[in-house]
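This briefing concerns the structure shown below. Please consult the sequence and the model together while reading.

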Amino acid sequence: MSHSTSHAAHVAHDDHDHSPEEIKKHVRRYLLIGAALMIGTFLTVWAAFIDFGKILPGGESVNWNVIVALIIACAKGFLVAGFFMHLISEKKMIYSVLAFTVFFFAALMILTIWSMEHSNIIHLQS
Amino acid sequence: MEIPYAVKPRPDTGLYNAKVGIWLFLASEVMLFGALFSSYILLRVGAPAGTWPHHWLNVLLGMFNTIVLIASSVTVVLAWASLKMNQFNKYRMYQAITILCALIFMTIKSIEYGDKFKHYEFQLKDGTVVDGHIDREKSTVKVPAWIPFKLHGEGKIVIEHANVVKKHKTAAENHAELMEGPAPLSKEAKEAEERPEYEFESSQVQAFSNYGPWHNTYTAIYFTLTGLHALHVVGGALVIFMIWGPLASVWRKDPVQYTNRVEVSGLFWHLVDLVWIFLFPVLYLL
């Protein structure tokens, strides 16, 4: 690309966190995270075919399989959001926007779970 | 008029405006999918015992699609990194793979969807539940593939590799047993593939439908969640394609703005991947 060479310094000038040298180091990290996400996927599938209720304590009342699957999914989500979306080194402005999202998302989930525990709905057992 | 801070960071936020914009949008997207996940939880917990299917979708296809989306997320971030290193050709190659991954994902998703529309459950008047694909050549009555599910005329219906449950007295109990079915990839599931065909008269049919969104609350939330996600895949791939192809000349005019566009479209793509990371275990595995 002959036309692009002259722009090299221009692109890199944008912000020093993302200089070409820094980016080169990051590429290796992106590939490693990609590999970790693939492993995480196989791990989730493997875990789904094991009955953790028989292995872990309190299996009658706690659905361990759901907990294990969600822990793996959260770990994978952290890798994507943290590194691919650069959230571990973002500007303050983005964090303040996302703080609202985290709060309302957590509220939504807590209300959902809370409503389940305090529901008076009688389920018809077929 | 030039739009301010489209390229240069705004002094107070330290960011170019599009980045603030995409994050505000992604924040609203998280709430949109969050509301649907909340609906999923309530539907699942509220489902009468034995009516919520487990391991009912094809796990191998779901896992393959997860791998495809993760691979595309890696190529998106590598494409952006290539632009930062001024390697336009590499960027072109990586985004071409991303678009290809999006196409593979959508192809597999449509195969999965198509199978659900071909898959029927018949509840017969004596309580028997028959489940499987209709042999349209051997059947003498036309069975609709869309609502309303009503049979017109008399005739026989032939189901290929039928899964027939008649152990219990009521259709509801037989249906519950059917939903519990063997886990895919298990020995029982493989044996089930060799089941014989099953034939019955249309006059015996009490109720029936295919496994479209109308079948039960599980298929309703399954089609809603994955359908909305699939729309995001299509939308994201279109934007990435537009920047990659028709708008590629922007790179020559303003490489920083071009790189920013790639970054913003990439952030959206990662969110699409992130949502699928949760959808896969929730719908396919739990």
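Which residue in β2(B) stands opposite B:Tyr120? In this predicted model, the residue opposite B:Tyr120 is B:Gly132.

**Sheet of chain B**
- The open sheet of chain B is built from five strands in the order β4-β3-β2-β1-β5, with antiparallel pairing.
- Its edge strands, β4 (198-201) and β5 (205-210) of chain B, each pair on one side only.
- On average, and with direction ignored, neighbouring strands of this sheet are turned by 40 degrees against each other.
- Strand β1 (residues 119-124) and strand β2 (residues 129-134) of chain B run antiparallel and are joined by five bridges.

**Helices on the sheet**
- Helix α3(B) packs on the sheet and touches β1, β2 and β5 of chain B; its direction makes about 20 degrees with that of β1(B).
- Helix α4(B) lies across β1, β2, β3 (156-165) and β5 of chain B, at about 55 degrees to β2(B).

**Contact between the chains**
- Chain B and chain A contribute 51 residues each to the contact.
- On the side of chain B that touches chain A, at least two residues each come from α1 (17-46), α2 (59-84), α3 (88-118), α4 (171-180), α7 (250-253) and α8 (255-285) of chain B.
- The most is given by α1(B), with 13 residues.
- This side of chain B comprises 36 nonpolar, 11 polar and four charged residues.

**Chain A**
- Of the 126 residues in chain A, 20% are buried.

Key: Residues numbered from 1 in each chain as written. Chains lettered and ligands numbered in written order. Predicted model: local features only at pLDDT ≥ 70, side-chain atom pairs only at ≥ 80, totals over all residues. Contact = placed C-beta atoms within 7 Å. Helix = DSSP H or I, 4+ residues; strand = E, 2+ residues; numbered from the N terminus. Nonpolar A, V, L, I, M, F, W, Y, C, P; charged D, E, K, R; others polar. Buried ≥ 20, exposed ≤ 12 C-beta atoms within 10 Å, placed from the backbone. Pairing = 2+ DSSP bridges. Axes fitted to C-alpha atoms, helices over the stretch in contact; angles between N-to-C directions.
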